[in-house]
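Morning, everyone. Please have the sequence and the model up on your screens. I'll walk you through one part of the fold, then the annotated site.

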Amino acid sequence: MAPLRFSANLSWLFPELSGLPARVRAAGSSGFEAVEVAWPYAETPEALARAAREAGLRLVLINTPPGDQEKGEMGLGAVPGRQAAFREGLEQAVRYAKALGCPRIHLMAGRVPQGADRIAVKAEMEAVFLENLRHAAGVLAQEDLVGLLEPINTRITDPQYFLDTPQQAAAILQKVGRPNLQLQMDIFHWQIMDGNLTGNIREFLPIVGHVQVAQVPGRGEPSSPGELNFPYLFQLLEDEGYKGFVGCEYQPRGEAWPWGRELWRDPDRGCFLLVG
């Protein structure tokens, strides 16, 4: 049973620092083993790679570009009429992933177009997503990369996001049927949409390529007050054999990683505890 490994999400942690290289260095100084970032495209891949190398960290996850955020776009994978832009963004993400030695790319599904009815456009958006995912799987396979699908909750975070439950994502992955496409499990989103975390983790973990965590509902660090019992959840991930990274995608109340120093394993009980 391998111990969990944690990565710092630089899009959320160390917000007091400007520039991703500075945040990479802060993550290394704080004791993280790896980093991830939603959109690294404001920096050159060479600068990021150098910062990660100097900090002794691996970069384990990036996202495809969001599209035109001024027009409300948040990913393009399932958006009708934006197939060409999705593929251009995928090519850019692959270039960065190769330069950074990053093995995984989150293939963002995107939002239901403004003014459209979710139910009315569901079939069309799924068809577009399947087409784009099949294309992406082929491109990624040439570079030995993995593509991830992340459900994002539509109750609090993003009401217009197309992909919002693990069940929906798993069904789409089954239809695509490509081994280098996997599920991204953000426990924050899963709890808000469906709960039943023990059952869902056990059911879907075999197709999970990356995990992210934050407390519910405030999206703070795991030791902050909220609904989730993270010592139990971390132990469950270990017991179920999860070997990937756990991304820390939360709004830190103070230091980015204080709870990491408070997390320890009781040798007699064989479980995680949060102390402090």
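Start with strand 7, helix 8 (residues 230-239) and strand 8, which make a right-handed β-α-β unit. Right-handed means this: with the strands pointing away from the viewer, the path from the first strand over the helix to the second runs clockwise. Helices (H or I, at least four residues) and strands (E, at least two) are DSSP runs, numbered from the N terminus.

A word on the source. This is a predicted model, where local features need pLDDT of at least 70 and side-chain atom pairs count only at pLDDT 80 or more, while totals for chains, interfaces and linings use all residues. Residues are numbered from 1 along each chain as its sequence is written, and side-chain values use heavy atoms, with hydrogens and water left out.

Back to strand 7, residues 208-213. How many of its six residues are buried? Six of the six, so strand 7 is largely enclosed by the rest of the structure. Buried means under 20% relative accessible area, exposed over 50%, partly exposed in between (1.4 Å probe, protein chains only).

Now its partners. Strand 6 (residues 181-186) runs parallel to strand 7, joined by four bridges. Met 185 has Val 211 as its bridge partner in strand 7. Strand 8 is also parallel to strand 7, with three bridges. There, Gln 212 is partnered by Gly 247. Strands count as paired if DSSP finds at least two bridges between them.

Next, the site. Which residues does UniProt list as "active site"? Glu 150 and Glu 249, in an unreviewed entry. They span 100 residues in sequence, yet no two of their C-alpha atoms are more than 13.2 Å apart, so they gather at one spot. UniProt positions follow the numbering used here, feature names are shortened, and annotations may be inferred rather than shown by experiment.

Take Glu 150. It sits in the loop between strand 5 (146-149) and helix 5 (166-176).

Glu 249 lies in the loop between strand 8 (245-248) and helix 9 (258-262). Glu 249 is buried too, at 10%. Leaving aside neighbours within four places in sequence, its contacts (heavy atoms within 4.5 Å) include Glu 150, Asp 186 and Gln 212. Its side chain also makes a polar contact of 3.1 Å with that of Asn 9. That term means a pair of N or O atoms within 3.5 Å; within protein, one must be able to donate a hydrogen and the other to accept it, and residues adjacent in sequence count only if both atoms are side-chain atoms.
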